[in-house]
Amino acid sequence: MALPSKVRIIDVGPRDGLQNEKQIVPPEVKIGLIERLERAGLREIEVTSFVSPKWVPQMADNAQVMAGLVRKPGVRYSVLVPNMKGFEAALAAQPDEIVVFASASEAFSQKNINCSIAESIERFAPVVEAARAEGIAVRGAMSCTVGCPYEGEVAPAQVAHLAGLLKQVGVQRVDVADTIGVGTPLRVQRAIEAALKHFDVDDVSGHFHDTYGQGVSNTYAALQLGVWNFQSSVAGLGGCPYAKGATGNVATEDVVYLLHGLGIETGIDLERLVDAAEYISGFLQRPSNSRTGTAIARQRG
Ligand SMILES: CC(C)(COP(=O)([O-])OP(=O)([O-])OC[C@H]1O[C@@H](n2cnc3c(N)ncnc32)[C@H](O)[C@@H]1OP(=O)([O-])[O-])[C@@H](O)C(=O)NCCC(=O)NCCSC(=O)C[C@@](C)(O)CC(=O)[O-]
């Protein structure tokens with residue numbers, strides 16, 4: 001199959017990237033990061049999550065971040081929502097899209113959202129209905145589609161099962177997430193094919209963590225199946241609080257370098273993206289996890 005000619009990237013740095021940071025990042029820094037991502041050409045940004053602040057303290061400023069954004073036309077701002085309480089809080093902030101998040105593995109579902117997969121779907125059903133009634137788009141993140149930190153390998157059939165449940169409750173598109181970054185290209189392709197049993201290829205995205213350095217290879221493997229939507233994180237920020245040892249998402253800079261090298265259009269200016277990475281890395285006092293970003297920053301001197 002020919003590779004797609006264009007790709008849409010959702011930068012999840014402000015949410016997935018920062019949620020696990022011990023040091024609280026103030027809302028104005030998060031907003032500064034979002035503005036720099038917009039300047040770099042990102043047209044979809046996962047801004048925050050309306051989850052319990054006891055579970056994820058870094059996202060406790062969700063309403064402040066949303067209220068402080070100067071929304072740019074043409075940019076889609078999404079937020080994670082685990083239940084009706086989160087949806088009601090998110091609704092006041094008027095996101096363009098909400099993301100409900102379920103797991104392909106039972107154990108991770110329990111650790112991450114304190115309920116079984118079936119219970120999570122029951123919780124999401126009214127949330128999805130309410131969001132769509134408000135004209136808010138709904139994405140479903142599927143965690144642990146390749147491996148689980150508690151159960152080990154996850155079978156494609158589990159991914160297909162979850163994708164089917166999300167489809168049934170009205171989720172419009174899904175992310176195939178390798179939460180702990182253990183996937184390699186063929187395993188990731190099997191997980192994507194499982195999602196494709198229920199969703200059109202235009203509505204399936206790849207979300208790869210880079211724990212074992214496979215994020216770029218897995219992106220290429222997904223492109224080979226025609227997938228053209230990806231989530232990645234500026235500077236490779238990230239890690240899930242409930243997936244011990246897992247590192248950040250594949251860096252947006254690394255994905256963009258791959259895509260531009262393949263002649264695939266992204267609308268993203270790599271130099272400006274590195275500016276955004278330098279901004280947040282400077283705040284965190286830590287070098288970027290992106291190989292591309294590091295190379296470009298070194299050339300700048
Ligand atoms: C789902 C719950 C809330 C269940 O947590 P629970 O403790 O079972 O919830 P509960 O309904 O029993 O409520 C307990 C307390 O939490 C409050 N509460 C209840 N809901 C909310 C809410 N929405 N916002 C704010 N507060 C909330 C509620 O009001 C109550 O407050 P209290 O009466 O004790 O003061 C909790 O487990 C939670 O917040 N989990 C979120 C964990 C999380 O954010 N994980 C990271 C995101 S997933 C991820 O990163 C993976 C992804 C998407 O990136 C893809 C990938 O790579 O895999």
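Helices here are DSSP runs of H or I with at least four residues, strands are DSSP runs of E with at least two, and both are numbered from the N terminus. The model shown in every view is predicted.

View 1. The ligand is surrounded by 27 residues. R15, N112, N114, S143 and T179 are the closest of these. Which elements each supply at least two residues of the shell around the ligand? They are the helices α1 (13-17), α4 (84-93) and α5 (106-113), together with strand β5 (137-143). The space that the ligand takes is the largest pocket.

View 2. How much of the ligand's accessible area does the protein cover? On its own the ligand has 1100 Å² of accessible area, and the protein covers 74% of that.

View 3. Most residues other than glycine have a negative phi. N114 is not a glycine, yet its phi is positive, at about 60°. N114 sits in the loop between α5 and α6 (117-133). This residue is also among the closest to the ligand. C144 is the second case: its phi is near 55°, again a positive value in a residue other than glycine. C144 belongs to the loop between β5 and β6. Is C144 buried or exposed? Its relative accessible area is 0%, so C144 is buried.

**View 4. T145 in the loop between β5 and β6.** T145 has its place in this loop. The cut-off for a buried residue is under 20% relative accessible area. T145 has 2%, so it is buried. Its side chain reaches the backbone oxygen of A177 at 2.8 Å.

**View 5. G147 in strand β6.** Strand β6 takes in residues 147-148, and G147 is part of it. G147 is buried, because its relative accessible area is 3%. Which residues does G147 contact beyond its neighbours within four places in sequence? They are G152, E153, V154, I180 and V182. G147 and G183 stand 36 residues apart along the chain, with 7.2 Å between their C-alpha atoms.

**View 6. S78 and its partner R139.** S78 is in strand β3, which runs over residues 76-80. Its relative accessibility is 1%, so S78 counts as buried. The side chains of S78 and R139 are joined by a polar contact of 3.3 Å. Leaving aside neighbours within four places in sequence, S78 touches I45, E46, V47 and T48, along with E97, V99 and R139.

**View 7. Q19 in the loop between α1 and α2 (27-39).** Q19 is found in this loop. Q19 counts as buried because its relative accessibility is 10%. Which side chains does Q19 meet in polar contacts? One is R15, at 2.7 Å from side chain to side chain. Another is D16, at 3.2 Å. R15 is itself one of the residues closest to the ligand. Beyond four places in sequence, Q19 is in contact with V56, Q58, M59, G239, C240 and P241. V171 lies elsewhere: 152 residues separate it from Q19 along the chain, and the two C-alpha atoms are 24 Å apart.

**View 8. Q110 on helix α5.** Q110 has its place in helix α5, an element that supplies at least two residues of the ligand shell. Exposed means over 50% relative accessible area and buried means under 20%. Q110 has 38%, so it is partly exposed. Setting aside neighbours within four places in sequence, Q110 is in contact with C115 and S116. From Q110 to S120 is 10 residues in sequence and 9.5 Å in space, C-alpha to C-alpha.

Technical notes
Residues numbered from 1 in each chain as written. Predicted model: local features only at pLDDT ≥ 70, side-chain atom pairs only at ≥ 80, totals over all residues. Heavy atoms only, no water. Buried < 20%, exposed > 50% of the residue type's maximum accessible area, 1.4 Å probe, protein only. Polar contact = N/O pair within 3.5 Å; in protein donor to acceptor, adjacent residues only side chain to side chain. Contact = heavy atoms within 4.5 Å. Near = heavy atom within 4 Å. Areas by Shrake-Rupley, 256 points an atom, 1.4 Å probe, with all protein chains shown as cover. 1 Å grid on protein atoms, 1.4 Å probe; cavity = no way out; pocket = protein on both sides within 12 Å on 5 of 7 lines; lining within 4 Å. Sits in = over half its atoms within 2 Å of the grid points.
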